[in-house]
Amino acid sequence: MRKTRQSSDKKNRKKNDVIFLTGVFLVLLVLAAVFYLTRGDGGAQVRVTVDGGLYGTYSLNENREVPIVIDGVTANLLVIKDGTADITEADCPDKLCVHQRAISKTKETIVCLPNKVVVEVLGNEESELDSVAK
Amino acid sequence: MRNKVAYLGVFLALALICSYVESLIPFYFGIPGVKLGLTNVVVVLMLYCVGEKEAFAVSVLRIVLAGFLFGNMFSILYSLAGGILSFLVMVLLKRTGKLGVLPVSVSGGIFHNVGQIAVAALVVENYNILYYLPVLLIAGFVTGFLIGVAAREIIVRVGEKFS
């Protein structure tokens, strides 16, 4: 008697597990779909912020290297090439931002947490910001 | 469990070794911070076979020690945020008694990433990085699932020895 109740408990739990996992998975799928559908087109420029403040805005159409200097030290090196932005050097030990792929679509970001550097791609519509930054 | 302190020490050592092994594997998905979370096997195992308090203690100590050994102050901060949030969610789900190891571990994986990116957004004061949240949630689901499978198999085979 006890044994059958235990096994039915177990069966119930297994059923709950399957329902729970499928539910979570479906929610994540929807979120991922939204993420990919709202993914921006090719961006026009990148904005660099350090510790929440604006460091500079640079056009993606022009190949150049931007050293991001914090307190007199080159913390990160931003390379803009063929319409993509990539961080190729960092003075932090983990180098996560260096390993990250180059970005080119609007809303994409590269983050260097130890230096609090954020590089984000912007679209065309904010081009007036560009002239302000310059 | 007899010799509790000794056992907890062994668990902590095991968790640290998992951290070390993981730091050796280059494991980049183009999105920074996505990791397998091998130590979560130890945390889930302890949650089911030893106790909640003990699992929490080992989880936090592991993060601090691994941070000093293989990381830096920043990695400790993010790992703590992810680790504590993920632990709380796992304990709550486990306490309902309606779910098995796999969903608990999957939720842990997901909320680990939620905690980390939330702290990251606060630190850099830029909330646009939350844009990557859906990708991180899926990564958490997948890694949590793999960890859950491993933990479940270990619990089935050797779990009784610890209780």
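## Chain B: contacts and overall build

Among contacts in chain B between residues at least 6 apart in sequence, 70% join residues at least 24 apart; two residues are in contact if their C-beta atoms, placed from the backbone, lie within 7 Å. A quick note on the source: this is a predicted model, where local features need pLDDT of at least 70, side-chain atom pairs count only at pLDDT 80 or more, and totals for chains, interfaces and linings use all residues. Residues are numbered from 1 along each chain as its sequence is written, while chains are lettered from A and ligands numbered from 1 in the order in which they are written.

Helices here are DSSP runs (H or I, at least four residues), strands are runs of E (at least two), and both are numbered from the N terminus. The radius of gyration of chain B is 15 Å, which agrees with the value near 15 Å for a compact globule of 163 residues. That radius is taken over C-alpha atoms, and the globule rule is 2.2 Å times the number of residues to the power 0.38. Along the principal axes, the C-alpha atoms of chain B fill a box of roughly 50 × 35 × 25 Å.

As for burial, 44% of the 163 residues in chain B are buried. A residue is buried if 20 or more other C-beta atoms lie within 10 Å of its own, exposed if 12 or fewer, and partly exposed in between, with C-beta atoms placed from the backbone.

## How H3 packs in chain B

Two helices of chain B can be looked at against H3(B). Start with H2 (residues 39–49) and H3 (residues 52–70) of chain B: they pack at an angle of about 160 degrees, with their axes 8 Å apart. The axes are lines fitted to C-alpha atoms, for helices over the stretch in contact, and angles run from 0 to 180 degrees between N-to-C directions. H2(B) and H3(B) are therefore roughly antiparallel to each other; angles under 35 degrees count as roughly parallel, over 145 as roughly antiparallel, 65 to 115 as roughly perpendicular and the rest as oblique. On the H2(B) side you'll find B:Thr39, B:Val42, B:Val43, B:Met46 and B:Leu47, and they meet B:Glu52, B:Glu54, B:Ala55, B:Val58, B:Ser59 and B:Arg62 in H3(B). The residues of this contact split into six nonpolar, two polar and three charged. For that count, Ala, Val, Leu, Ile, Met, Phe, Trp, Tyr, Cys and Pro are nonpolar, Asp, Glu, Lys and Arg are charged, and the others, Gly among them, are polar.

Now for H1 (residues 4–24) of chain B, which packs with H3(B) at about 45 degrees, the axes being 9 Å apart. That makes H1(B) oblique to H3(B). The crossing of H1(B) and H3(B) is right-handed. Residues of H1(B) in this contact include B:Leu8, B:Phe11 and B:Tyr20, and those of H3(B) include B:Leu61, B:Leu65 and B:Phe70. Sorted by type, the contact of H1(B) with H3(B) has 11 nonpolar, two polar and two charged residues.

## Where chain B touches chain A

Between the chains, 27 residues of chain B are in contact with 31 residues of chain A. On the chain B side, the elements that give two or more residues are H4 (73–96), H5 (101–124) and H6 (133–158). H5(B) gives the most, with six residues. This side of chain B divides into 18 nonpolar, seven polar and two charged residues.

## Chain A in brief

Chain A comes to three helices and seven strands, in the order α-β-β-β-β-β-α-β-β-α. Buried residues make up 28% of its 134 residues. Among chain A contacts between residues at least 6 apart in sequence, 39% join residues at least 24 apart.

A:Asp82 has a phi near 50 degrees, a positive value in a residue other than glycine. A:Asp82 sits in the loop between strands S4 (73–81) and S5 (84–90) of chain A, and counts as exposed with 9 C-beta neighbours inside 10 Å. B:Glu125 also isn't a glycine, and has a positive phi of about 55 degrees. B:Glu125 lies in the loop between H5 and H6 of chain B and, with 13 C-beta neighbours inside 10 Å, counts as partly exposed.

B:Phe111, in helix H5 of chain B, has 23 C-beta neighbours inside 10 Å and so counts as buried. Leaving aside neighbours within four places in sequence, B:Phe111 is in contact with B:Leu85, B:Ser86 and B:Val89.

Definitions and conventions. A crossing is left-handed if the near helix is turned anticlockwise from the far one by less than a right angle, and right-handed if clockwise.
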